[in-house]
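This report describes the strands, helices, salt bridges and a pocket of one protein model. Please keep the sequence and the structure in view while reading.

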Amino acid sequence: MSSRGVILDLGSIDPGDLDLSALDRVCNHWTRFDTTAAEQTAARIAAADVVVSNKVVIGAAEMDAAPGLRLICIAATGSNNVDLEAARARNIAVTNVTGYATPAVVQHVLAIMLHWATGLWQQHQAVRSGDWCRSPHFCLLGPAYGARVRELAGRRLGIVGFGELGQAVARAAEAFGMQVRVADRPGAPHQAGRVPLQALLPQVDVLSLHCPLTADTWHLIGARELALLSPESLLINTARGGIVDEQALADALRAGRPGAAAVDTLSVEPPPPDHPLLAADIPNLLVTPHAAWSSQEARQRLVDEIAANITAFRHGEGRNRIG
């Protein structure tokens with residue numbers, strides 16, 4: 001079957017280290033763009049019947065500019081960049097990809113917890129600065145390099161969002177001997193075995209967010225919630241930036257409650273230089289550039305799943321179809 005495909009923002013998933021042959025096998029002709037600005041989208045997809053987009057927005061106007069468009073493949077799990085109602089009205093199928101980055105995100109979360117628990121970077125810096133050479137003892141203990149060395153075993157991990165990612169993080173944490181507690185799903189009735197969020201927050205040593213960004217989770221963690229966390233606790237957000245009130249988090253860290261935070265996502269990406277969480281005076285904050293998902297293996301799985309979605313669509317199957 002003859003087909004014309006367009007990839008609108010290949011650079012966001014492939015810096016040149018992926019095998020794209022699976023895509024080549026399912027589409028006769030691909031036009032690939034590293035990035036696409038909003039005003040370029042309509043013209044670039046006008047002749048396509050298959051479009052792949054990671055973050056480029058495709059709305060009703062863009063769909064109307066592409067009369068032959070039959071399938072939009074979102075190169076991600078979230079679907080907020082495609083107008084699903086407009087797609088349904090025009091009989092355009094929409095697919096996404098789930099689960100491809102689970103191992104990468106889990107190891108990122110565990111790396112943060114281990115960094116918090118062990119102070120490895122501070123230890124390294126103490127050695128490089130000569131502190132160990134000058135020590136009167138055979139070792140350097142945490143206070144000597146400004147870190148508290150903790151054990152994860154026995155500590156309490158709170159998880160908000162207990163889907164595939166939340167469950168995978170729980171399993172990994174339990175392997176380190178942590179006690180896992182799960183918050184009620186935001187906006188849903190209480191579930192047996194789960195803890196209301198407000199009750200959970202004072203109980204945990206680490207809080208890890210894995211819920212989607214919805215009307216119920218926007219600023220779910222705000223000033224009130226941050227004040228309930230222990231001064232010794234760690235907040236981790238690898239979900240979506242808007243789940244945390246970012247100005248409130250900056251203020252809370254300056255006030256010492258929670259004790260530390262690590263965020264991989266911000267509400268505006270890429271962030272402006274004056275973003276509240278990029279201020280130089282915020283203590284005990286680690287910001288990474290939305291990279292938790294981005295292992296080469298995860299990105300390769302993503303590409304291969306997109307190709308599988310295109311094949312399934314051609315065969316009339318509903319694989320990963322969300323619209």
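Val-206 has Leu-234 in β9 as its bridge partner. The model is a predicted one, in which local features need pLDDT of at least 70 and side-chain atom pairs count only at pLDDT 80 or more, while totals for chains, interfaces and linings use all residues. Residues are numbered from 1 along each chain as its sequence is written, and side-chain values use heavy atoms, with hydrogens and water left out.

The bridge of Val-206 belongs to the pairing of strand β8 (residues 206-209) with strand β9 (residues 234-237), which is parallel and covers four bridges. Here two strands count as paired if DSSP finds at least two bridges between them. Strands (E, at least two residues) and helices (H or I, at least four residues) are DSSP runs, numbered from the N terminus.

Both strands are part of an open sheet of six strands with parallel pairing, in the order β7-β6-β8-β9-β10-β11. Because β7 (179-182) and β11 (285-287) stand at the edges with a single partner strand each, one side of each is left without a neighbour in the sheet. On average, neighbouring strands of this sheet are turned by 15° against each other, direction ignored. Such angles run from 0 to 180 degrees between N-to-C directions, and the axes are lines fitted to C-alpha atoms, for helices over the stretch in contact.

Helix α5 (residues 102-118) packs on this sheet and touches β6 (156-160), β8, β9, β10 (260-263) and β11. Contact means heavy atoms within 4.5 Å. The direction of α5 makes about 160° with that of β9. Helix α7 (residues 164-175) lies across β6 and β7, and runs at about 175° to β6.

## The five-stranded sheet

An open sheet of five strands has the order β2-β1-β3-β4-β5, with parallel pairing. Its edge strands, β2 (29-32) and β5, each pair on one side only. Neighbouring strands in this sheet are turned by 15° against each other on average, direction ignored. Within the sheet, strand β1 (residues 4-7) and strand β3 (residues 50-53) run parallel and are joined by three bridges; Val-6 has Val-51 in β3 as its bridge partner. Helix α11 (residues 296-314) packs on the sheet, touching β2, β3, β4 (71-74) and β5, and its direction makes about 155° with that of β4.

## Salt bridges

How many salt bridges does a search of the whole structure find? The search finds 12, where a salt bridge is a side-chain nitrogen of Lys or Arg within 4 Å of a carboxyl oxygen of Asp or Glu. The table gives three of these pairs.

| Pair | N to O distance |
|---|---|
| Asp-64 and Arg-90 | 2.7 Å |
| Asp-131 and Arg-134 | 2.7 Å |
| Glu-232 and Arg-150 | 3.5 Å |

Asp-64 in helix α3 (residues 60-64) and Arg-90 in the loop between α4 (84-89) and β5 (93-95) are 26 residues apart, so that their pair links distant parts of the chain. A network of salt bridges links Arg-148, Arg-150 and Glu-232.

Is Arg-150 buried or exposed? Its relative accessibility is 14%, so Arg-150 counts as buried; buried means under 20% relative accessible area, exposed over 50%, and partly exposed in between (1.4 Å probe, protein chains only). Glu-232, at 40%, is partly exposed. Asp-131 is partly exposed at 27%, whereas Arg-134 is exposed at 56%.

## A pocket and some backbone details

The second largest pocket holds about 380 Å³ of space. Among its 19 lining residues, the closest to its centre are His-115, Trp-116, Gln-122, Ala-260 and Asn-284. A pocket is found on a 1 Å grid over the protein atoms alone, as an open set of points where a 1.4 Å probe fits, with protein on both sides within 12 Å along at least five of seven lines; lining residues have an atom within 4 Å of a point. Grid points are joined across faces, edges and corners, and the volume is the space filled by probe spheres set on the points.

Asn-284 lies in the loop between β10 and β11 and has a positive phi of about 55° although it is not a glycine. The loop between β10 and β11 also holds Pro-270, and the peptide bond from Glu-269 to Pro-270 is cis, with omega near -5°.
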